[in-house]
Amino acid sequence: MEEAARLLADLSNNAIHLQVGIHSRPRPSYNLSAMIIWALGVFIAALAAFLSAQDYRDHRKPMHPLPSSSSSAPTNERTYTAHQPSTSNSPPPDSLELTPLHALGFIVMASSALLVLFFLKIYSFVKIMYAFGCSGALTQVFFFPIYTKLFASTKYKRYMSQVCINTPLCEIGAVSRIEVLSAMSGYALGLAWLILAFTLRHPENNVFFWVVQDIMGACMCMLFLSIIKLNSIRVASILLIVAFLYDIFFVFVTPLIFKGQSVMITVATSGGPPKADPSWCEKYPTDADCQGGDPLPMLLTVPRIADYQQGASLLGLGDIVLPGLLLSFAARFDEAKKLVGFMRTGSATPTNRSPHTCPPDSPAGRICGLLCNGGYFVPLVIAYAIGLLCANIAVYVMNMGQPALLYLVPACLGTMVVLGKRRNELDDLWHGPKVIRAADAMVYGEEEFETPNTENTLSEGGGSVGAPLGTVEEGPDGDVPLLSLT
């Protein structure tokens, strides 16, 4: 701008006729990185939620209906192979079922942390803590499964499974060689990422940096949803509605309080975007007004493609894990019904279909069947995708950052409530489905569980499921008695 002002002054002082043409550098008409970040967010949320119900699927696999050993066996008696609930299926000791108090406490802590970062600007501390935490997630979610598969088919399987460290320090206990290798790989990758974060001027434009950051974020989301559980939409409603208000307040309301500065956007961009024009910063990157704007690592990032002004599309991890808790609940509810239904009928196909009729043998009929008569997980994934797409569209329509939960919470929570109401399951979902408690007792070996006599769950009665080969008898009304795990 200074050069343009000087040129205009020279032209006004000298009678020189010049023709000046102003050209702008080409920029892409569409932001492909926004579509990539949308697809990445939907994929991670769906995958993390799907894997959170894996224990139910694993427990159903070893149970097979067997032909009766005697042709004179009663027709209302079925024989199953079942397995004793083992410690390998036990939930991790640090698993947590959220309560309304946890939900409110989570928002209070998140708000406090956001304000501390806004006022103290300790963004470097966040990078260190993020690298340390995500290295552990990389170890458990990424490297350990890979090394386990890799060594399973080699002669080193037994060697790598042997314990090499056994210490009571910090309750670490016995550690195998493969766990040590996984930890070394995870923390080495985290250290490499952290070094780039402190040595590069704009590390988010480095391919290795942002790819590793997104992998670490994905692993953190998967680990979070494997540990934190929701067992009712009552708690989900409290958590998501409070988070909905939290997001709106820190994006739209705080600029009215802090002289135009949005707390959420300022913290997400490590102090706010550069003050200078992008063209100026491209020419003079060390200028003081060109500093800042680096995304805080607690999010997924994809740099803008073929854009000389650089920048990136961002998606906070909270916009994945908070709605992801509801998606995880839906996945676990669907799989719990399949597991309990298998114990009733020998088939994982739910028998309690809703009475809605859909046109058969047509694409519309299949979609109708999926949304009206199917489970909850797939419709909620679709709702999440639509909500996140609306948030991306709003960014470009309003030309400013948007709180994604503003669109995700109504889409996901509304879908769950509407489907529950149509299927006459809303009351059970609100207070906590008994079928999930029944499935937890089967999988994790709780002392006993109890459910009422409904079409969705097992009915009360006696029996045992502890032996390698057990029998369960159908009651007079066709239900399988409740299996006591004492």
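Me: Which residue does glutamate 335 form a salt bridge with?

Reply: Glutamate 335 pairs with arginine 57, and their closest N and O atoms are 3.3 Å apart; a salt bridge here is a side-chain nitrogen of Lys or Arg within 4 Å of a carboxyl oxygen of Asp or Glu. The pair links distant parts of the chain, with glutamate 335 in helix α12 (residues 318-345) and arginine 57 in helix α3 (residues 54-60), 278 residues apart. Helices are DSSP runs of H or I with at least four residues, strands are runs of E with at least two, and both are numbered from the N terminus. This is a predicted model, in which local features need pLDDT of at least 70 and side-chain atom pairs count only at pLDDT 80 or more, while totals for chains, interfaces and linings use all residues. Residues are numbered from 1 along each chain as its sequence is written, and side-chain values use heavy atoms, with hydrogens and water left out.

Me: Is glutamate 335 buried or exposed? And arginine 57, buried or exposed?

Reply: Glutamate 335 has a relative accessible area of 7%, so it counts as buried, and arginine 57 is also buried, at 9% relative accessibility. The cut-offs are under 20% for buried, over 50% for exposed and partly exposed in between, with a 1.4 Å probe and protein chains only.

Me: Which residues make up the salt bridge network there?

Reply: Arg57, Glu335 and Lys338 are linked in that network.

Me: How many salt bridges does a search of the whole structure find?

Reply: Such a search finds four. One of them joins glutamate 425 and lysine 337, at 3.4 Å from N to O. This pair, too, links distant parts of the chain: glutamate 425 sits in the loop between α15 (405-422) and α16 (426-431), lysine 337 sits in helix α12, and they are 88 residues apart. Both of these residues are buried. Lysine 434 and aspartate 428 also meet in a salt bridge, at 3.9 Å from N to O; lysine 434 is partly exposed because its relative accessibility is 29%, whereas aspartate 428, at 18%, counts as buried.

Me: Changing topic, which residues form the nonpolar patch on the surface?

Reply: The patch consists of Leu115, Val116, Phe119, Leu120, Ile122, Phe125 and Met129, which together have about 650 Å² of accessible area. Patch residues have over 30% relative accessible area and no salt bridge, with like charges joined within 9 Å and nonpolar side chains (Val, Leu, Ile, Met, Phe, Trp, Tyr) within 5 Å; the areas come from the Shrake-Rupley method with a 1.4 Å probe, and for residues only the protein chains shown count as cover.

Me: Which helix gives the most to the nonpolar patch?

Reply: Helix α4 does, with four residues, although α4 (100-120) and α5 (123-152) each supply at least two. Phenylalanine 125 is one that is found in α5.

Me: What covers the buried residues of α7?

Reply: The cover includes α5, α6 (157-161), β5 (173-176) and α8, with contact meaning heavy atoms within 4.5 Å. Among the buried residues of α7 are Ser182, Gly186, Gly190 and Trp193. Helix α7 (residues 177-199) has 23 residues and reaches 33 Å from its first C-alpha to its last, close to the 33 Å expected at 1.5 Å a residue; the expected span is 1.5 Å times one less than the number of residues.

Me: How far apart are the end C-alpha atoms of α8, and which residue caps its N-terminal end?

Reply: The end C-alpha atoms of α8 (residues 207-227) are 30 Å apart, which agrees with the 30 Å that its 21 residues should span at 1.5 Å a residue. Asparagine 206 is the cap, with a side-chain oxygen 3.1 Å from the backbone nitrogen of phenylalanine 208.

Me: And asparagine 392, which residues does it touch?

Reply: Not counting residues up to four places away in sequence, asparagine 392 touches Ala34, Ile37 and Trp38. Asparagine 392 lies in helix α14 (residues 377-398) and is buried, with a relative accessible area of 17%.

Me: Where does threonine 254 lie?

Reply: Threonine 254 lies in helix α9 (residues 233-257) and counts as buried because its relative accessibility is 0%. Leaving out residues up to four places away in sequence, threonine 254 touches Phe249, Gln261, Ser262 and Val263.

Me: Last one, how many helices and strands are there in the protein chain?

Reply: The chain has 17 helices and nine strands, and buried residues make up 43% of its 486 residues.

Definitions and conventions:
A polar contact is a pair of N or O atoms within 3.5 Å; within protein, one must be able to donate a hydrogen and the other to accept it, and residues adjacent in sequence count only if both atoms are side-chain atoms.
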